Amino acid sequence: MLKLKILSFAVTSALLLPTFTFAQTAAPSRSEDAVIAKIKDEGMNRSQAMNTMNYLTDVIGARLTNSPAQKRANQWTKEQFEKWGLKNAMADPWGEFGRGWELKKFSAAILTPEYMAIRAYPKAWSPGTNGMITGNVVFVDAKSEADLEKYKGKLKGAIILTQDQRRVGPGFEPSATRRDEKGLAEMENAKPAVPQSQQTASAEQIAAFRFQSRKMQFYYDEGAAVLIDSGMGTDAGTIRVMGASLPPGTANNLRVYSKDAPAPIPQLVMEVEQYNRLVRLAKQNVPLRMQVELAVQFQDTDLQGYNTIAEIPG
């Protein structure tokens, strides 16, 4: 009976106490150590990470979804997987995405009052300009319908600066920092965030949004040739490029890459420091003439999106 009680206590303790002998994890065997050593050796001495990254970023370059460059990347990674001994490598379709887009040629420059090369990029899925165009640069300084009327009949073929100057602050903070002990301790002891109630837009914000949409429609109605903005969130020569905006009133279920999306006006995003200068010149009524050439190609034969996948044998 005593032995039965002792055995019962031992089993119960093993189930409840992770440090009890019965619950301890077995030490890795020598064969497991050898496998781990091989994995470390492969990663430390024969890693393909940098070679892979260099080929994808330097040789193939930017890989916009469904672009020819992305399809080349899918094919190259499939071939790499096969060389490494992986099985069933393929470009696996994950569903319909939409049209691909490829930049074929782009240049932009201010011609007057003096020549100035423009530091800008076309927004993805923007249409082309059908050759070189030259037009007046206009900043539409309008805050009401009455202000818009002043520009009626004056924007056909114009190149529009679509937003006011964006503030650029001094860059005193380093772009990269190391976390100190105090910062790490604060992260370790951080409390769960308290859920915030959803904020609703004020009447002024709603009115501003609606008028911005009205201005955009005005550019379409008046026949503007190119729309330019300064992007958001970056400066000091960094340009954040996103997708082109669709015309106002487009159905909510459509995106600029959708196969049935209406064509927007060609759109560029410019380095903010240079953009701000053009706005300042326009506000001083300095005549600005600009030249833009944008050639693109849309890919709509295959609307599927793809991931490259493979299986590790065993």
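Trainee: By class, which residues does the lining of the second largest pocket have?
Mentor: Ala, Val, Leu, Ile, Met, Phe, Trp, Tyr, Cys and Pro count as nonpolar, Asp, Glu, Lys and Arg as charged, and the others as polar. With that grouping, the lining of the second largest pocket has three charged residues, one polar and 11 nonpolar.

Trainee: What kind of model is this?
Mentor: Residues are numbered from 1 along each chain as its sequence is written, and side-chain values use heavy atoms, with hydrogens and water left out. Local features need pLDDT of at least 70, side-chain atom pairs count only at pLDDT 80 or more, and totals for chains, interfaces and linings use all residues; the model is predicted.

Trainee: How much space lies in the second largest pocket?
Mentor: A pocket is an open set of points on a 1 Å grid where a 1.4 Å probe fits, with protein on both sides within 12 Å along at least five of seven lines, and lining residues have an atom within 4 Å of a point. Its volume is the space filled by probe spheres set on joined points. For the second largest pocket, that space is about 290 Å³.

Trainee: Which elements give two or more residues to the lining of the second largest pocket?
Mentor: Elements are DSSP runs, at least four residues for helices and at least two for strands. Those that give two or more residues here are strand E2 (100-112), E4 and helix H4 (68-83).

Trainee: What is the volume of the largest pocket, and which residues are the closest to its centre?
Mentor: The volume of the largest pocket is about 420 Å³. Its lining has 17 residues, and the closest to the centre are Gln212, Ser213, Met216, Ser245 and Leu246.

Trainee: Where does the largest share of the lining of the largest pocket come from?
Mentor: Helix H7 (203-222), strand E7 (226-229) and strand E8 (267-270) each give two or more residues to the lining of the largest pocket. The largest share is five residues, and they come from H7.

Trainee: In what order do the eight strands form the open sheet?
Mentor: Strands pair if DSSP finds at least two bridges between them. Strands E3 (116-117) and E4 (120-122) stand at the edges with a single partner each, so one side of each has no neighbour in the sheet. The pairing is mixed, and the order is E3-E2-E9-E5-E6-E7-E8-E4.

Trainee: What is the bridge partner of Phe139 in E6?
Mentor: Strands E5 (residues 133-139) and E6 (residues 159-161) run parallel and are joined by three bridges. In E6, Phe139 has as its bridge partner Leu161.

Trainee: Which residues form one aromatic cluster?
Mentor: Rings of Phe, Tyr and Trp pair if their centres lie within 6.5 Å, and planes under 30 degrees apart are stacked, over 60 edge-to-face and the rest tilted. Six aromatic pairs are found; one of them is tilted, Trp125 with Tyr257, at 5.2 Å centre to centre and 55 degrees between the planes. Trp125 is buried at 7%, whereas Tyr257 is partly exposed at 22%. The cluster consists of Trp94, Phe97, Trp125 and Tyr257.

Terms used: Buried < 20%, exposed > 50% of the residue type's maximum accessible area, 1.4 Å probe, protein only.
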